[in-house]
Amino acid sequence: MPSITLPPGTQLEAGTLQFLSDTRLLWIDGGWTAPLSGKTFPTINPANGQTLTNISLAEAPDVDQAVQAARRAFETTWKRVLPAKRSM
């Protein structure tokens, strides 16, 4: 997990620490998935320059997968869902 420096007396909740300790994945085709390249990039805390967490780096093949999944969803069930329902 990246090192996080907090002001004295400040503590992060367990859920926040867990969130920051995991590499953030890509949401593709209804689920979390690692990038095909396995590459990540750090998210930097602007207050102190430290890495907060690592984010998956989506490259062209990942985007292609996401677009294909979105197209499949649109061509099947998604286009029949009313806008009010889609926003929920």
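## Pocket, salt bridges and surface of a predicted model

By class, the residues lining the largest pocket comprise six nonpolar, one polar and one charged. In this classification Ala, Val, Leu, Ile, Met, Phe, Trp, Tyr, Cys and Pro count as nonpolar, Asp, Glu, Lys and Arg as charged, and the others, Gly among them, as polar. The structure is a predicted model, in which local features need pLDDT of at least 70 and side-chain atom pairs count only at pLDDT 80 or more, while totals for chains, interfaces and linings use all residues. Residues are numbered from 1 along each chain as its sequence is written, and side-chain values use heavy atoms, with hydrogens and water left out.

**The largest pocket**

The lining consists of W27, I28, D29, G30, A66, A69, A70 and A73. Strand 1 and helix 2 (60-75) are the elements that each contribute two or more residues to this lining. Helix 2 gives the most, with four residues. The space in the largest pocket amounts to about 150 Å³. A pocket is defined on a 1 Å grid over the protein atoms alone, as an open set of points where a 1.4 Å probe fits, with protein on both sides within 12 Å along at least five of seven lines; lining residues have an atom within 4 Å of a point. Grid points are joined across faces, edges and corners, and the volume is the space filled by probe spheres set on the points. Helices (H or I, at least four residues) and strands (E, at least two) are DSSP runs, numbered from the N terminus.

**Salt bridges**

Side chains of opposite charge can pair when their charged atoms come close.

| Pair | N to O distance |
|---|---|
| D22 and R24 | 3.9 Å |
| K39 and E59 | 3.2 Å |

K39 lies in the loop between strand 2 and strand 3 (40-44) and E59 in the loop between strand 4 (51-56) and helix 2, so this pair ties together parts that are 20 residues apart in sequence. K39 is partly exposed at 42% relative accessible area, and E59 is partly exposed at 27%. For these terms, buried means under 20% relative accessible area, exposed over 50%, and partly exposed in between, with a 1.4 Å probe and protein chains only.

In the pair of D22 and R24, D22 is partly exposed at 33% relative accessibility, and R24 is likewise partly exposed, with a relative accessible area of 21%.

R72 is partly exposed at 43% relative accessibility, whereas D29 is exposed at 56%. D29 also belongs to the lining of the largest pocket.

**Backbone and separations**

Most residues other than glycine have a negative phi. D29, although not a glycine, has a positive phi of about 55°. R72 and T10 are 62 residues apart in sequence and 46 Å apart in space, C-alpha to C-alpha. N48 is placed in the loop between strand 3 and strand 4 and is partly exposed, with a relative accessible area of 35%. From N48 to F19 there are 29 residues in sequence and 19 Å in space, C-alpha to C-alpha.

**Nonpolar surface patch**

L25, W27 and W32 form a nonpolar patch on the surface, with about 380 Å² of accessible area together. Patches are made of residues with over 30% relative accessible area and no salt bridge; nonpolar side chains (Val, Leu, Ile, Met, Phe, Trp, Tyr) are joined within 5 Å, and like charges within 9 Å. Accessible areas come from the Shrake-Rupley method with a 1.4 Å probe, and for residues only the protein chains shown count as cover. L25 lies in the loop between helix 1 (14-21) and strand 1 (26-28) and is partly exposed, at 37% relative accessible area. W27, a member of the patch, is also among the residues lining the largest pocket.

Terms used:
A salt bridge is a side-chain nitrogen of Lys or Arg within 4 Å of a carboxyl oxygen of Asp or Glu.
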